[in-house]
Amino acid sequence: MRLVILDNYDLASEWAAKYICNRIIQFKPCQGRYFTLGLPTGSTPLGCYRKLIEYHKKGDLSFRHVKTFNMDEYVGLPRDHPESYHSYMWNNFFKHIDIDPNNAHILDGNAPDLQAECDVFEKKIKEAGGIDLFVGGIGPDGHIAFNEPGSSLASRTRLKTLAMDTILANAKYFDGDLSKVPTMALTVGVGTVMDAREVMILITGAHKAFALYKAIEEGVNHMWTVSAFQQHPRTIFVCDEDATLELRVKTVKYFKGLMHVHNKLVDPLYSMKEEN
Amino acid sequence: MPSNKSVSDAPVVQFTNCRILKNHKLQREDLWVREGKILNPEKLFFDEKIPADLQLNCKGSIIAPGFIDVQINGGFGVDFSLATDDVRPGISLVSQKILSHGVTSFCPTLVTSPPSVYHKVLPQISVRNGGFHGAGILGVHLEGPFISKEKKGAHPEQCLRTFEEGAFQDLLATYGCLDCVRIVTLAPEMKRSSEVIQELTSRGICVSLGHSVANLSQAEEAVQHGATFITHLFNAMLPFHHRDPGIVGLLTSDQIPICQQVFYGMISDGIHTNPAALRIAHRAHPKGLVLVTDAIAGMGLAPGKHTLGQQVVEMDGLNSYIAGTKTLSGSVATMDTCVRHFLEATDCTVETALEAASLHPAQLLGIEHQKGTLDYDTDADFLLLDDRLHIQATYIAGDQVWRRNTFTL
């Protein structure tokens, strides 16, 4: 595992965006050879999306040969509802970049057969050649996507009922009214994300600190599903100072000491202008 | 399952690098247009999965809904109240010329005239969509002849009428044909006005109060029978009095029925109303303010003499009076000038100024689901403006029908 610690949210977002940018450009995507990206939602990745859009608008990064697969979507929420993950992705990312709409995949929470929708999603990932880089976040209860505590660490894309912690955390997006928060979602499984060639988890804020501690300093445990990535060969955790508050001083010092190595991954920052 | 098939083969145009007036705010968003309507790009992305066919860089321009002028008597030498055998060339000329003022829809207005004029002119005018030929015609505004003698303003006294004998039948006999009539201005203190207002409203015609000496309760009664507009507030009505605010009192009246709103026209040319009065009205009832030009034949022309129906008016560049008098008779301001003057005089937001000339007149006429906004699926009638609200280009149904010489996308 790489644990990359930045001083604050903005710097963490920027580091993550630079990493994604470099990975896409170094891959040299072109017609018929797409870079596949797994994408998250929520408040944590917003800063990262903003930076990626900035690189795109400056002409340094194009998504024309990038395929994306989102982690999850609520069940039963109309697609054009302002809190659906379709709306989130459109407003915060897709509408600002040049991705081909046919390459942007998000689970349909209103599909007539939800399990079939999940199976087709897994098939599409396979047909795309698997995921090159899966970007995710972590819930306060240590979940990745909507793989709530107790989810099998070998799970695939499926329907999940949301845990109370998650519903409470999401209430702020539904006017604080718990009755309006969806109770079910379609989500990629822990196993689905583990299949990715590389995984990057973004964790910022003190309220995520305990989950980060459980995920990397304790054992692999299905009650804290992010801990599964201890067994993935290439995982990067990108976080800010606040998210490290529950870690041992020794852990933090060790990884901070490695920052000069980590920074070589984002400096120099590549640009598609040079490639041309 | 949403279909992946394209809903239409028509080209999708994306206007980028602009600020659009949406949900009462200027927002950094792109505007998408297809087949004359404003398109929902999110639906296009997820349902049809197609990109835009054409992207146009608006260079930071403001995009606002096209202006709607509900009171315009003519312009460029054309007087709508003149009894000609063929009014269409005149209407076409004006509808073409006002595109450069940002007006994409309008109501040609006829001032008080003898019945022969109405019988000759009204059947020749029809509601029609705008386009390269000019701004769209929403219907006719009939200002008079059922108005007060004391507040006739520039209207000819000999043509004033009442309907106390036959109420609505009198009105119908005077006008002849109501097919294309959209607004009627009358004085509510006239006997039997309530029945007339009720009948007009039931036929979908907007009733406006003006050229009147009505007191507040007479005005409120008219509103309760269906009147929803006030013609050029302050002008040609009793002045505000603290014990009887008259028609002006409708702005803050508590007798307006719940589902109804009173709108009021203001000629914001710096002449018809003192800026302080404009500010008082705006602050009292900001959502009801509708900018109108009340433009006359001399608008757009050099100073001189022109007609306004049966009257002769003198225009000296800014002001227009009945020849030989100091009675104001319409204005020569253009709609975009009115919007800019309104912005400056009230120090309101750009959004407020733009909505007073687009959203509010659309709401008055009950067409806000189609015009007056940039909401998805509404008509793509819009303007590109610079930061000081000068029109750079005018679009109707997604087509560029006018642009400033120095402006290209």
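Modeller: To begin, helices (H or I, at least four residues) and strands (E, at least two) are DSSP runs, numbered from the N terminus. This is a predicted model, in which local features need pLDDT of at least 70 and side-chain atom pairs count only at pLDDT 80 or more, while totals for chains, interfaces and linings use all residues. Residues are numbered from 1 along each chain as its sequence is written, chains are lettered from A and ligands numbered from 1 in the order in which they are written, and side-chain values use heavy atoms, with hydrogens and water left out.

Biologist: Where in chain B is Asn235(B) found?

Modeller: The unreviewed UniProt entry lists Asn235(B) under "binding site", together with others including His272(B) and Gly330(B); such positions are given in the numbering used here, feature names are shortened, and annotations may be inferred rather than shown by experiment. Asn235(B) is found in the loop between strand 14 (229–230) and strand 15 (263–267) of chain B.

Biologist: Is Asn235(B) buried or exposed?

Modeller: Buried means under 20% relative accessible area, exposed over 50%, and partly exposed in between, with a 1.4 Å probe and protein chains only. Because Asn235(B) has 15% relative accessibility, it counts as buried.

Biologist: Which residues does Gly330(B) touch, not counting those up to four places away in sequence?

Modeller: Gly330(B) has its place in the loop between strand 19 (320–322) and helix 8 (335–346) of chain B. With contact meaning heavy atoms within 4.5 Å, and with residues up to four places away in sequence not counted, Gly330(B) touches His272(B), Asp294(B), Ile296(B) and Ser320(B).

Biologist: How many residues does the largest nonpolar core have?

Modeller: A nonpolar core is a set of buried Ala, Val, Leu, Ile, Met, Phe, Trp, Tyr and Cys residues joined through side-chain atoms within 4.5 Å. Among those with the most contacts inside the largest one is Leu186(B), and helix 8 of chain B gives the most to this core, with five residues. The number of residues in the largest nonpolar core is 92.

Biologist: What area do chain B and chain A bury between them?

Modeller: Buried area is the accessible area (1.4 Å probe) that two parts lose on being put together, summed over both. Glu42(B), Phe45(B) and Phe46(B) supply 52% of the area that chain B buries against chain A. Of the area that the two chains bury, 62% is on carbon and sulfur atoms, and the area itself is about 1200 Å².

Biologist: Which residue forms a salt bridge with Lys95(A)?

Modeller: A salt bridge is a side-chain nitrogen of Lys or Arg within 4 Å of a carboxyl oxygen of Asp or Glu. With the closest N and O atoms 3.0 Å apart, the partner of Lys95(A) is Glu29(B).
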